[in-house]
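Let's walk through a protein model together, one question at a time. Have a look at it first, and then we'll dig in.

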Amino acid sequence: LKTHVENLSGLIDFLGLKNVTFIGQDWGGPIIGAYSIRNIKNVKSYFLINTLFGYSREERPKNLSPWFKWIKKHHDENTLDGILGELSSTLLSVMKIPNFTNNGIITDTWIQAYSSQFPDRASCIGAINFPLDALLNRMVPYVLEGFKIGDLKSLCSKPAVLAYGMQDKAIEPDYAIRDFKALFPNSKVVKLPKAGHYSQEDEPEVLINLIKDFVIENNKHK
């Protein structure tokens with residue numbers, strides 16, 4: 001998480017960006033959340049998809065989601081590195097665990113677009129460690145590092161929308177929505193009943209239109 005936030009921060013600084021509207025899915029939420037706590041003056045708004053920031057005090061679900069049950073099982077049995085370390089071959093079956101529902105989108109080109117990013121074991125290090133950072137709470141110290149209540153209040157004052165695939169098997173939908181509403185009580189939540197964790201694959205046109213509307217509405221209130 002720290003590496004990705006530092007990379008994002010460096011890119012934004014290099015490009016000299018201000019008033020940034022972030023769109024984040026999955027780990028995009030913790031990444032832009034941790035960035036925002038440290039650089040809130042650069043942030044304009046958030047469009048979140050099947051993710052959460054983790055800065056609310058909402059109690060986490062007592063039971064692990066199917067995805068994290070799977071991660072814990074293989075972590076406990078010391079088989080996680082072997083499975084997630086071979087994503088060039090195992091990617092499709094792994095992605096089905098947190099769930100996407102638009103199976104008609106799967107083609108050889110689609111699989112190659114994802115799996116080509118993982119040509120060897122070294123390229124899979126992030127994929128192995130990201131879920132463990134959440135499962136084992138290894139990300140918490142960095143998330144809270146330098147935390148100031150004033151920065152959180154500024155974060156919560158930003159325009160935000162959450163779109164959520166309600167068939168998500170990685171991040172429990174009701175928990176994520178409660179987390180969002182605790183931070184942004186007056187902001188819009190759009191439930192996508194048939195979409196899974198990868199809403200951008202399951203409902204791309206719906207999300208594109210929602211994002212366009214959000215950006216247009218935000219630009220009315222500069």
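Before we start, one term: buried means under 20% relative accessible area, exposed means over 50%, and partly exposed is in between (1.4 Å probe, protein chains only). This is a predicted model, so local features need pLDDT of at least 70 and side-chain atom pairs count only at pLDDT 80 or more, while totals for chains, interfaces and linings use all residues. Residues are numbered from 1 along each chain as its sequence is written, and side-chain values use heavy atoms, with hydrogens and water left out.

Q: Is Glu59 buried or exposed?
A: Take its relative accessible area, which is 54%. The cut-off for exposed is over 50%. So Glu59 counts as exposed.

Q: Which residue forms a salt bridge with Glu59?
A: A salt bridge is a side-chain nitrogen of Lys or Arg within 4 Å of a carboxyl oxygen of Asp or Glu. Here the closest N and O atoms are 3.4 Å apart.

Q: How many salt bridges does the structure hold?
A: One of them joins Glu77 and Lys73, with the closest N and O atoms 3.3 Å apart. Glu77 is partly exposed at 45% relative accessibility, and Lys73 is partly exposed at 42%. The count for the structure is 6.

Q: Why do the buried residues of helix 5 lie on the same side of it?
A: In helix 5 (residues 87-95), the buried ones are Leu87, Thr90, Leu91, Val94 and Met95. The arc is that of the directions from the helix axis to the C-beta atoms. These residues are on the same side of helix 5 because they cover an arc of only 140°.

Q: What covers the buried residues of helix 5?
A: Cover can be read through contact, which means heavy atoms within 4.5 Å. The elements doing the covering include helix 3 (66-76), helix 4 (80-84), helix 6 (108-115) and helix 7 (125-135).

Q: Which residues does Ser115 touch, leaving aside neighbours within four places in sequence?
A: Ser115 is found in helix 6. At 7% relative accessibility, Ser115 counts as buried. Its contacts are Leu87, Ser88 and Leu91.

Q: Which residues does Ala127 touch, not counting those up to four places away in sequence?
A: Ala127 belongs to helix 7 and is partly exposed at 23% relative accessibility. Its contacts are Leu84, Leu87 and Phe118.

Q: Which residues have the most contacts inside the largest nonpolar core?
A: A nonpolar core is a set of buried Ala, Val, Leu, Ile, Met, Phe, Trp, Tyr and Cys residues joined through side-chain atoms within 4.5 Å. In soluble globular proteins, nonpolar side chains tend to be buried together. The largest core has 56 residues, and those with the most contacts inside it are Phe22, Tyr46 and Phe53.

Q: How many residues are in the other core, the one with Val161 and Ala163?
A: This core lies apart from the largest one. Leu192 and Ile211 are also among its members. Its size is 11 residues.

Q: How much accessible area does the nonpolar patch with Phe14 have?
A: Phe14 is in helix 1 (residues 2-15) and is exposed at 71%. Patches are made of residues with over 30% relative accessible area and no salt bridge, with like charges joined within 9 Å and nonpolar side chains (Val, Leu, Ile, Met, Phe, Trp, Tyr) within 5 Å. Areas come from the Shrake-Rupley method with a 1.4 Å probe, and for residues only the protein chains shown count as cover. Together Leu11, Phe14, Leu15 and Leu17 have about 430 Å².

Conventions: Helices (H or I, at least four residues) and strands (E, at least two) are DSSP runs, numbered from the N terminus.
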